[in-house]
Amino acid sequence: MVIGVAAATFLLLHAVPGSPAREVLGEHATPAAVAALNHRWGLDRSLGSQFVRYVGDLVTLRLGVSFVYGISVISLIGDHLAETAALVGIATLFAVLITVPLATLAASRRDRLADQAVRGLSVLGLGMPAFWFGIVLIEIFALRLGLLPVGGAGSGLWGHIESLILPGLTASFAIVPLLVRSLRVGMLEVLGADFVAAARANGLGELRVLLWHVARNAVIPTLTLLGLNIAYLVGSTVIVENVFALNGLGSLLLSSISSRDFPMVQGITLVLAISVVLINLATDLLAARLDPRIRLG
Amino acid sequence: MTTEPEPRFTRRRLLRNGAAGSVLLAAGPLLATAPARAAARLASAHAAGVPKKGGTLTFARSVAPTQLDPANSIIAGDVYTLDKIMEPLYLTSPAGQLIPWLAESHTTSADGLTWTFNLRPGVKFSDGTPLTPADVVFSIKREAANTNGPLSFLDAAIKTIKASGPNKVVFGLSAPWAPFLSDISVFANAIIPANFGGKSEKAFFAKPIGTGPFVLDSFTPSSNLTLKPNPHYWQVGKPYVDAVQINYVSADNQRVLQIQSGEAEIIDQVPPANVSALKRASGVKVELYPAWEVDLLVFNEKLPQFADRHVRRAITYAINRPALVSATSFGTAKPGGSFVPPSLEYYDPNTPVLAYSLANAKAELAKSKYPHGFHTKLLISGGVQKWSEFAAIIQQSLAPLNIKVTIDSPDNAAFHTQFESFNYDMFIDYAINDISDVDEMASFELNYKDGGSSSYWSSYNNPAVTALVNKAEAEFDTTKRAALYAQIQALVAEDAPFVPLDYPPYIYATSTKVNGFAVNPGGAYRLENVWLS
């Protein structure tokens, strides 16, 4: 998958019109100046030889030097990775914290008002664009109530955490509706199982039954769905970072695409692809731990 | 608390400033000693009240710094960062005038070929070493020799640069060149220590040393940066603030929110739609600064329909520019007329503009080879609301002429590639002047052969106009020069190689605590005069 992403990025970047040299040099650039830069960057070679060189660099883990910043792509990614990782982490946390109670509520009150409300809300949530939801949150919690900053990375540890609350909530809403629906269906299936009846018959409280026996068994498909959707979450950070002025990998990716900074775009997409693969691997491992029936291999 | 732009920059004031500036330029040897006072006056003019020291100024900016080498910079995020650290010999004031900066004065020989700059005494770099003529020679030679750099063309007139005595630098030019003082004031000609102060070029620009009010404290490319005061700054007592924190905030809406919430004290690029709401917001003031900028609708004269002068004139007549501006700019921009923006010296308010008239438009088209109209495409940079609005209005405006317009809006880099390879019918873009001399714009937009862009990629080629542009470059008498530019503006308005749609200002919002902030028409702002109350 990572190789596919790398190849697709390379081909797309070279297929769209736009000249990195022109973007760096400005409108007064002479053809000679553009040619000189293209030569320095190796863009005057054939596409095939550029691709061979690019793949060679990837294999040896050389991501090259940014056209725009003139410093190594790896160090720039290092500067911006933490911000995005923290955002994805907090968004995942929020997603779990919101999903579990809502799904439990809906499953235990099947077809009653609470269930209808949760399902209705999740449909609404699916249709809501992240940037709009983010702006609504800023308007309420930052501007009106003054509880949280409107944007930016904040200073100090607490300032930083504080600055990630609204963006994390916004990003989590991109996946919460899906997770709630999945967990609810999973729980309903498990609720009809024999071991649940047995647990109830043993006199366990309803909450204990729901959270310990039902949720634990229903969580596996949801976890897999979460793993898959973290890829989507990582993608949505591009928009969320922009709305909240967080300068993570997403905003760096956007500006690098605008300036046709090929090494930078290739480097970031590669890092994002690798992290998605790693996250999926981690969720598979976790699922195996939660359910002994799943075997790796 | 709001401030209207008009009192700051009336036309009369502009002309007066322009005239004063040019007398200094032309009569260099006689008047060249006045400048220190001018600099002092400039400084005090900004800050009403007694400046207070201290505080951190937080600036939410739409553009990100990427690197800080003046010779290789053109992106606003780089330019408006490095100019706080490194300074040129002359500088453009907020009123658009050239003022002596690291040079205290200059003289010009009678033939216009030899320019001698007297360096300001007592100037030190931020590492404490004094500024010497050798530093100036090194810096400007480096920029002039960097022929692949974005702005090195501005130094094309320089033939020789020599240090002379302890505080003079002498430039020999290859031809008399009236715009020279403007050229020397560009940020690309900023002065750095000779031989990078003994460091490698790369190491030097990672932590540049200059004579500017600030030094680089920390820098995360494409994110944020902190400036700290230069302890050796030559304007004793400045800068007033303890630190400047510049944050990259690309989303317009987020910048507006940050100024409203008080998280930022200055924001740039305020969307015109937000101006009136911000003016009403408490603790916020909005300022509009005239810019050396004009938005142009450009015709591709490589195509037969736009090589036809009547077609270009018909389209110009058909666009109601005052209506276009009032529909899109929320009262912030001025309708276009001459291709020279009113904030630029030698703008002629009496330029014969082809003002909106559908009857005239139809009459012109009837005289053309395309009396029944045609299909055409309009290229704009995608994702920019203003350009989409402009394009839609132009599309509607040309419908009565039976000119059917399809709008094409690729992303910005693709847009550049398309029009610069003449792969377009019409396009809209902004044209700016980097320096205070109108020659940059005039030659770039009108000198087909030597201007560097085939007349802003229009392929407009009027030998009479080119001859006038060249003549004005060598004309030191400001009255005669003004007459030449008036002629040029009239010819261009009649030929209509492009439609100057509007003159947009720079729009900034600041906290009411911010004093002494001002932007020059080139878009640069100094921060040494800024203080927080």
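**Ground rules.** Residues are numbered from 1 along each chain as its sequence is written, and chains are lettered from A in the order in which they are written. As this is a predicted model, local features need pLDDT of at least 70 and side-chain atom pairs count only at pLDDT 80 or more, while totals for chains, interfaces and linings use all residues.

**Entry 1: chain A overall.** I looked up the elements of chain A and found 13 helices and zero strands. Helices (H or I, at least four residues) and strands (E, at least two) are DSSP runs, numbered from the N terminus. The C-alpha trace of chain A spans about 85 × 55 × 35 Å along its principal axes. I then checked burial: 41% of the 297 residues of chain A count as buried. A residue is buried if 20 or more other C-beta atoms, placed from the backbone, lie within 10 Å of its own.

**Entry 2: two helices of chain A.** I noted that two packed helices are described by the angle between their axes and the distance between the axes. For helix H5 (residues 73-108) and helix H11 (residues 206-244) of chain A, the axes come within 9 Å and cross at roughly 140°. Axes are lines fitted to C-alpha atoms, for helices over the stretch in contact, and angles run from 0 to 180 degrees between N-to-C directions. H5(A) is therefore oblique to H11(A); angles under 35 degrees count as roughly parallel, over 145 as roughly antiparallel, 65 to 115 as roughly perpendicular and the rest as oblique. Residues making this contact include A:Leu87 and A:Ala91 of H5(A) and A:Leu226 and A:Ile230 of H11(A). Two residues are in contact if their C-beta atoms, placed from the backbone, lie within 7 Å.

**Entry 3: a sheet in chain B.** I traced an open sheet of seven strands with mixed pairing, in the order S8-S9-S10-S1-S11-S19-S12. Strands S8 (214-220) and S12 (284-289) of chain B stand at the edges with a single partner strand each, so one side of each has no neighbour in the sheet. Two strands pair if DSSP finds at least two bridges between them. S11 (residues 266-267) and S19 (residues 506-511) of chain B pair in the antiparallel sense over two bridges. Here B:Ile267 stands opposite B:Ala509 in S19(B).

**Entry 4: where the chains meet.** I found 36 residues of chain B in contact with 40 residues of chain A. On the chain B side, strand S10 (243-248), helix H8 (252-261) and helix H15 (412-420) each give two or more residues. H15(B) gives the most, with seven residues.

Key. A residue is buried if 20 or more other C-beta atoms lie within 10 Å of its own, exposed if 12 or fewer, and partly exposed in between; C-beta atoms are placed from the backbone.
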